[in-house]
Amino acid sequence: MIRVLISGQRVDWDEYGGLLQAALTDSGIEAEVIHERMPRSPETIDYIVYAPWSDMKDFSPFTGAKAILNLWAGVESVIGNETLTAPLARMVDPGLTDGMVEWCVAHAMRHHLGIDRDVCRHDAVWDPYVPPLARERPLTILGLGILGRAVGEALSGLGFPVTGWSRSAKDVPGVTCHSGEGGLVEALRKAELLILLLPLTLATEGIMNAERLALLPKGAVLINPGRGPLIDDDALLAALDSGQIAHATLDVFREEPLPGDHPFWAHPGITVTPHIASATRPDSAVGVIVENIRRGEAGEPLLHLVDRRLGY
Ligand code: NAP
């Protein structure tokens with residue numbers, strides 16, 4: 001009998017407890033799934049399913065943990081925890097990927113078609129406007145991982161000339177792929193729409209600084225469902241005020257919830273969404289968790305392991 005701890009808030013237990021117990025049983029894995037702030041005999045816990053908003057920050061009592069299975073795709077809030085020595089897997093969930101594709105397509109299409117012109121119009125002005133076709137609107141995605149790749153393929157399927165950028169060289173159907181610093185300049189120069197789907201690491205923090213924002217075509221639109229610190233906030237505000245950036249749709253922020261007095265809320269060139277671009281979907285995610293536990297028990301390599309040196 002293995003022991004699986006769900007470490008998170010009450011809502012995580014409500015969403016995952018029963019589903020995970022049933023999925024483990026269906027897979028023939030004898031397990032006890034528990035949710036306690038500090039369980040009895042922590043050294044007997046085999047796997048920790050971890051929500052980054054858990055108040056558990058000390059992993060050292062869990063000396064028998066075979067893996068920490070993160071419930072979120074981003075691991076920046078847990079990866080630096082020095083008490084965490086067991087392997088750390090991040091969440092790759094088909095439901096989360098589908099949600100991100102839908103969110104990015106919706107916000108890209110909003111700006112591409114100029115939908116606000118009509119949706120927000122109440123001035124009885126008949127003002128026909130013919131937007132360009134998607135194939136005339138170059139779009140760039142920084143980050144070509146699980147999410148960036150799926151978003152790139154979807155937008156390419158709609159006709160956008162999609163350019164992508166990643167750390168290592170990639171080959172994604174329908175996407176012109178770049179890597180490295182030179183590739184970043186190339187990818188930014190043509191980005192009328194720019195989507196950030198990079199993880200937050202030492203190498204990506206502040207990547208969209210004043211210099212890089214200035215590389216974009218004038219009037220570009222920035223969409224950030226990645227992580228808030230990817231952007232230099234002051235540089236973004238300056239770029240919006242100068243017209244270099246026409247609009248920024250931001251889902252993630254340096255501080256969340258975004259404080260009520262933060263200038264992003266009131267800025268007419270910024271749309272704030274409350275970190276809802278996509279979420280892990282329990283129905284599909286439990287399958288991923290169970291597969292990793294199965295692998296762990298069978299001595300097979302775990303899926304989606306985080307590289308601590310790279311930070312993602
Ligand atoms: P992933 O599969 O790990 O992909 C990350 C991508 O970023 C990879 O293509 C990687 O390059 C690239 N990258 C990392 N460091 C880089 C660097 N220094 N320079 C250039 N490229 C770099 O991650 P994912 O599952 O797609 O998720 C991406 C991020 O989305 C998460 O980390 C999280 O922050 C964010 N997210 C947000 C929400 C939301 O609701 N807002 C939901 C889920 C996820 P390689 O391919 O060469 O490794």
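Predicted model: local features only at pLDDT ≥ 70, side-chain atom pairs only at ≥ 80, totals over all residues.
Seven of them form an open sheet with parallel pairing, in the order 8-7-6-9-10-11-12. Which strands stand at the edges of this sheet? They are strand 8 (175-179) and strand 12 (270-272). Each has a single partner strand, so one side of each is left without a neighbour in the sheet. From one strand to the next, the twist averages 15°.

On one side, strand 10 runs parallel to strand 9, and three bridges join the two. Within that pairing, Leu-193 is the residue opposite Val-221 of strand 10. Strand 10 also runs parallel to strand 11, with five bridges between them. Here Ala-220 faces Ile-245 of strand 11, and Asn-224 has Leu-250 of strand 11 opposite.

How enclosed is strand 10? Five of its five residues are buried, so strand 10 is largely enclosed by the rest of the structure. In a regular strand, side chains alternate between the two faces of the sheet. In strand 10 both faces are covered. Ala-220, Leu-222 and Asn-224 are buried on one side, while Val-221 and Ile-223 are buried on the other.

## Two helix pairs

Two packed helices are described by the angle between their axes and the distance between the axes. The axes of helix 2 (residues 94-113) and helix 4 (residues 146-157) come within 9 Å of each other and cross at roughly 50°. That angle makes helix 2 oblique to helix 4. The handedness of the crossing is right-handed.

What does helix 2 bring to this contact? Its residues there are Leu-96, Thr-97, Met-100, Val-101, Cys-104, Val-105 and Ala-108. From helix 4 come Ile-146, Leu-147, Ala-150, Val-151, Ala-154 and Leu-155.

A second pair involves helix 1 (residues 10-26) and helix 9, which pack at about 50° with their axes 9 Å apart. Helix 1 and helix 9 are therefore oblique to each other. Helix 1 passes helix 9 in a right-handed crossing. On the helix 1 side, the contact is made by Glu-15, Tyr-16, Leu-19, Leu-20, Ala-23 and Leu-24. Helix 9 contributes Pro-282, Asp-283, Ala-285, Val-286, Ile-289, Val-290 and Ile-293. This contact counts eleven nonpolar residues, no polar and two charged.

Asp-26 also sits in helix 1. Is Asp-26 buried or exposed? With a relative accessibility of 69%, above the 50% cut-off, Asp-26 counts as exposed. Asp-26 and Val-290 are 264 residues apart in sequence, yet their C-alpha atoms are 9.9 Å apart in space.

## Backbone spots worth a look

Most residues other than glycine have a negative phi, and most peptide bonds are trans.

| Site | Backbone value |
|---|---|
| Ser-41 | phi near 45° |
| His-304 | phi of about 60° |
| Glu-256 to Pro-257 | cis, omega near -5° |

Where do these sites lie? Ser-41 is in the loop between strand 2 (31-34) and strand 3 (47-50). His-304 belongs to the segment after helix 9 (282-298), the helix that packs with helix 1. Pro-257 is placed in the loop between strand 11 (245-250) and helix 8 (263-266); strand 11 is the parallel partner that five bridges join to strand 10.

Ser-41 is partly exposed, with a relative accessible area of 30%. His-304 is likewise partly exposed, at 27%.

Terms used. Residues numbered from 1 in each chain as written. Heavy atoms only, no water. Helix = DSSP H or I, 4+ residues; strand = E, 2+ residues; numbered from the N terminus. Buried < 20%, exposed > 50% of the residue type's maximum accessible area, 1.4 Å probe, protein only. Axes fitted to C-alpha atoms, helices over the stretch in contact; angles between N-to-C directions. Parallel < 35°, antiparallel > 145°, perpendicular 65-115°, else oblique. Left-handed = near helix turned anticlockwise from the far one by under 90°. Contact = heavy atoms within 4.5 Å. Pairing = 2+ DSSP bridges. Nonpolar A, V, L, I, M, F, W, Y, C, P; charged D, E, K, R; others polar.
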